[in-house]
Structure formats: C-alpha cells, structure tokens
Amino acid sequence: MRAHTPRKSALDRLHELGGKPRIKTISTPQSDPSRVAITFDGLHDGARATRISIRARDLKQLSLVPGMALDAETLEALKRAVRLDMAHRAALASLQRAPCSRRRLIERLSRRGAHDRAILETVCDELSSAGILNDEASARSAARAMVARRPAGKRLIEQKLRAKGIAPATAKAAAEEAVADRDPLEDATALARKRLRTMSPDLERHVVVRRLSGVLARGGFDPDVCRRAIERAVGESIDDA
C-alpha cells in the first residue's frame, strides 16, 4: 500500500522554486474572485508546473504579470503574500469557531510558531478595519452573556474580560454597560439566597455569613452590597456576626 504523502503548502512549494522562477499564468477562479491562481513553469520533482494562490488584493501590490521572472526580492514579497493569506484564513477559521479578542487571537495563532507575529498583526489590522474583529463588540457580547448566566458584579465581569485578552479600558466599559440596568443588591441577594439553600441548617451563623461573604465577593460585588444582600438572605443584621 502506498504511503500517504502530505500535501505541500503554497509556502513549501515556493521555497522549492529555484533560480528566477518564471510566471506562466495568472488567473482568477470563478468560484472565488477575491483570489488569484499563479502558475509557474515546472521546477521540481518532475512536476510540469507549480501552482499557488493568494489574495487578489496582494497581487496588485506585487505587480506580477505572466511571463515575468521573479528576482529574489519579488520572490520574498510573494512569500510574504502567501503567509498573509495563510494567516488570514487561519484567523477567520478561528473566529468562526470561537470569537475572541485581538490579543487572544494572536496568541492562538502564534502558538508553536505556526504564524509570524508581525504577519498576524497585519491580518488583525485588516480584520478590524473590515469590522470582523471588534474587541468592543466582543467584550459587550461576552459581558451580557456572563450576566445572563449568573448574577455577577461589575468587578468580576471586568476581571473575566481582561482574562480573555480584552484591554482594561474596554473591559471596564463593557462591564459597566452590562450591569447598567441591573440592581446589584437584587442580584447579590438572589445569589446569596441560592447559595444559602445548599447549606446545612446546622451551620453556625458566623460560618454561614463567612461563606456567603466569600461567594458574593468572588461574584464581584462591593463589600457594602455583600453585607446588605446577606442580611436580606438570612433575615437579620450581621454586624455582630
């Protein structure tokens, strides 16, 4: 049985081009007019031709034409266009699986050296300009989802957004917007009562207060809100607890 040979990437094929490779044809696939296919005369492994594809927008910057022999500088520019294309497609696929911040996207794609960081920065700039990568919108959506799943204070929402790679100022604005029409005392009380129902009725009062305080503090609620919510939940003052 013949062993499977992994298909070489466009970048691999370009690396194998020798001398001054000459462009044979340049065409635009009917299925995707945003791309162009570039065919070179046969150059390696007995192949009759080597074919790669890049984004049409990058072809304009390269000024390539059929019959042109590429010098070293132009060949390197073409390799960069291929890297941009590979990173662009990887970024779109990653965002489709799980939307994320610019910083987190770059971290994902640069892992294990799969893509050059400078190339990824350029791709992210393009995606941001196109409105595909939008940290503000992503932060607002994530913040709303957090509040919908479970009552949470502004501080916790902001912390979680920052952990996702959202810039501090953007995270703060999104957190404030997410809780703007909510009553933090009502949310904290609901969370305290829910937690209280899971506790043993035999627990001493100071233990109950301590545990509820921890739950609400981790939920991102301010100390005063925590105290008032616990008093509502247990039905009495906790000043001496």
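**Contacts, exposure and charge**

Author: Let us begin with contacts in this predicted model. Apart from neighbours within four places in sequence, Pro-151 is in contact with Asp-187, Leu-191 and Phe-221.

Reader: How many residues apart in sequence are Pro-151 and Asp-187, and what is their C-alpha to C-alpha distance in space?

Author: Pro-151 and Asp-187 stand 36 residues apart in sequence, yet their C-alpha atoms are 5.2 Å apart in space.

Reader: Where does Pro-151 lie, and is Pro-151 buried, partly exposed or exposed?

Author: Pro-151 belongs to the loop that runs between α6 (135–149) and α7 (154–163). For exposure, one compares the relative accessible area with two cut-offs: under 20% is buried, over 50% is exposed, and values in between are partly exposed. Pro-151 has 24% relative accessibility, so Pro-151 counts as partly exposed.

Reader: Which residues form the positive surface patch?

Author: The patch is formed by Arg-149, Arg-150, Lys-160, Lys-164, Lys-194, Arg-197 and Arg-218. Let us take one member as an example. Arg-218 lies in helix α10, which spans residues 205–218.

Reader: Why does Arg-218 count as exposed?

Author: Arg-218 counts as exposed because its relative accessibility is 59%, and the cut-off for exposed is over 50%.

How values were computed. Residues numbered from 1 in each chain as written. Predicted model: local features only at pLDDT ≥ 70, side-chain atom pairs only at ≥ 80, totals over all residues. Heavy atoms only, no water. Patch = residues over 30% accessible without salt bridge, like charges linked within 9 Å, V, L, I, M, F, W, Y side chains within 5 Å. Areas by Shrake-Rupley, 256 points an atom, 1.4 Å probe, with all protein chains shown as cover. Salt bridge = Lys/Arg side-chain N within 4 Å of Asp/Glu carboxyl O. Lys, Arg positive; Asp, Glu negative; His and termini not counted. Charge placed at Lys NZ, Arg CZ, Asp CG, Glu CD. Helix = DSSP H or I, 4+ residues; strand = E, 2+ residues; numbered from the N terminus. Buried < 20%, exposed > 50% of the residue type's maximum accessible area, 1.4 Å probe, protein only. Contact = heavy atoms within 4.5 Å.
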